[in-house]
Amino acid sequence: MPGAGEVSTGVALVCLGAAAWLAGGWHSGVRRARLVLAEGRTGRMAGTDGAGGAGPPSPAGRMTDGLRRVRARLRPEWGALAAGLVLALLGNSVLPIVAGAAGVPMLRRMRLAGRKRRARERRQDAVIALCGTLAGEVRSGRQPGEALLCAAQDCDGLGDAQAAVLAAARFGGDVPGALVAAAGQPGAEGLRGLAACWRVAVDQGAGLAAGLDRLEGALRAERDQRSDLRAQLAGARATAVMLAGLPVLGLLLGVALGADPLHVLLHTGAGLGCLLAGGVLESLGVWWVTRIVRGAEAAS
């Protein structure tokens with residue numbers, strides 16, 4: 001019969017696998033399976049000589065769609081609550097459930113912050129591409145309004161304000177005003193420079209292409225500087241991740257050695273004191289490292 005340590009280790013591994021699945025580790029495999037099944041259904045429909053209508057989905061297709069729907073509803077932050085529930089069952093205490101529930105909003109904020117950061121970076125890349133494409137269109141002989149219309153259609157990623165920019169370029173509206181309004185989105189601040197180049201070119205007859213080239217170079221240099229800074233701060237971020245994972249590693253080592261660390265931490269006075277002090281110190285350490293990283297990014 002397996003011992004308590006082996007059972008606890010197996011449960012911990014299952015929890016780690018579930019957390020990896022919630023974080024998206026298996027999503028690529030599900031996506032590939034869904035694409036293969038979609039290609040198979042398309043091939044069968046093409047082979048029916050227009051008979052029309054695909055047959056009922058196969059069991060594999062239904063299972064794939066079910067997994068996709070389940071994963072769309074489950075967010076990675078709920079893995080903290082699931083891990084707390086498992087630890088509560090193993091340690092016979094409600095404290096892990098409380099800690100897991102408290103970690104859900106924090107992880108949600110981290111996920112949403114990461115989504116906003118990626119959206120901001122996509123807008124920055126879209127603005128740089130817009131400046132380069134617009135400069136090329138102007139050099140090819142197009143009028144500024146027509147060139148902006150073609151460039152904005154080709155460079156997607158400016159967000160909701162892209163429709164206003166296209167409308168202003170198509171119907172002769174206030175193009176600089178539309179660009180300034182679009183620059184209010186995070187990551188699209190470079191559109192203010194584009195609006196300034198547009199005003200100078202229209203009011204004073206200056207070369208629009210030359211100004212766009214200088215603006216594109218400045219925006220590209222700023223993006224490269226941020227990328228270099230992010231690479232230099234990768235060590236600090238790794239330190240924060242390591243600090244967050246060390247307690248879990250310590251618990252797993254204790255279980256592997258045959259001890260019962262959950263009972264000591266959750267059912268003894270000294271263990272509760274160590275748990276409280278360790279949680280406070282770890283939170284302060286992670287917060288301090290994160291503050292240093294954010295301060296460096298803001299200063300740049």
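1. Buried positions in helix α4. In this predicted model, G79, G84, A88 and G91 of α4 are buried. The helix covers residues 78–91, which is 14 residues.

2. The end of α4. The residue that follows α4 is N92. The phi of N92 is positive, near 55 degrees.

3. Packing of α4 on α5. Helix α5 covers residues 95–139. The axes of α4 and α5 lie 7 Å apart, and the two helices pack at an angle of about 170 degrees. Because angles over 145 degrees count as roughly antiparallel, α4 is roughly antiparallel to α5.

4. Residues in that contact. From α4 come W78, A80, L81, G84, L85, L87 and A88. They meet P96, I97, G100, A101, V104, L107 and R108 of α5. By type, the residues of this contact divide into 11 nonpolar, two polar and one charged. G84 and A88, both part of the contact, are also among the buried residues of α4.

5. The protein as a whole. The protein has 13 helices and zero strands. Read along the sequence, the pattern is accordingly α-α-α-α-α-α-α-α-α-α-α-α-α. Of its 300 residues, 26% count as buried. The accessible surface comes to about 18400 Å², and carbon and sulfur atoms account for 64% of that area. Among contacts between residues at least 6 apart in sequence, 61% join residues at least 24 apart.

6. E216. This residue sits in helix α10, residues 208–232. Leaving aside neighbours within four places in sequence, E216 is in contact with I128, C131 and G132.

7. L275. Helix α13, residues 269–299, holds L275. With a relative accessible area of 36%, L275 is partly exposed. Not counting residues up to four places away in sequence, L275 touches L265 and L266. L275 and P247 are 28 residues apart in sequence, and their C-alpha atoms are 9.9 Å apart in space.

8. Two points to check in the viewer. Which residues of α5 does α4 meet? They are P96, I97, G100, A101, V104, L107 and R108.

Technical notes
Residues are numbered from 1 along each chain as its sequence is written. This is a predicted model: local features need pLDDT of at least 70, side-chain atom pairs count only at pLDDT 80 or more; totals for chains, interfaces and linings use all residues. Side-chain values use heavy atoms; hydrogens and water are left out. Helices (H or I, at least four residues) and strands (E, at least two) are DSSP runs, numbered from the N terminus. The expected span of a helix is 1.5 Å times one less than its number of residues. Buried means under 20% relative accessible area, exposed over 50%, partly exposed in between (1.4 Å probe, protein chains only). Contact means heavy atoms within 4.5 Å. Accessible areas come from the Shrake-Rupley method with a 1.4 Å probe; for residues, only the protein chains shown count as cover. Axes are lines fitted to C-alpha atoms, for helices over the stretch in contact, and angles run from 0 to 180 degrees between N-to-C directions. Angles under 35 degrees count as roughly parallel, over 145 as roughly antiparallel, 65 to 115 as roughly perpendicular and the rest as oblique. Ala, Val, Leu, Ile, Met, Phe, Trp, Tyr, Cys and Pro count as nonpolar, Asp, Glu, Lys and Arg as charged, and the others, Gly among them, as polar.
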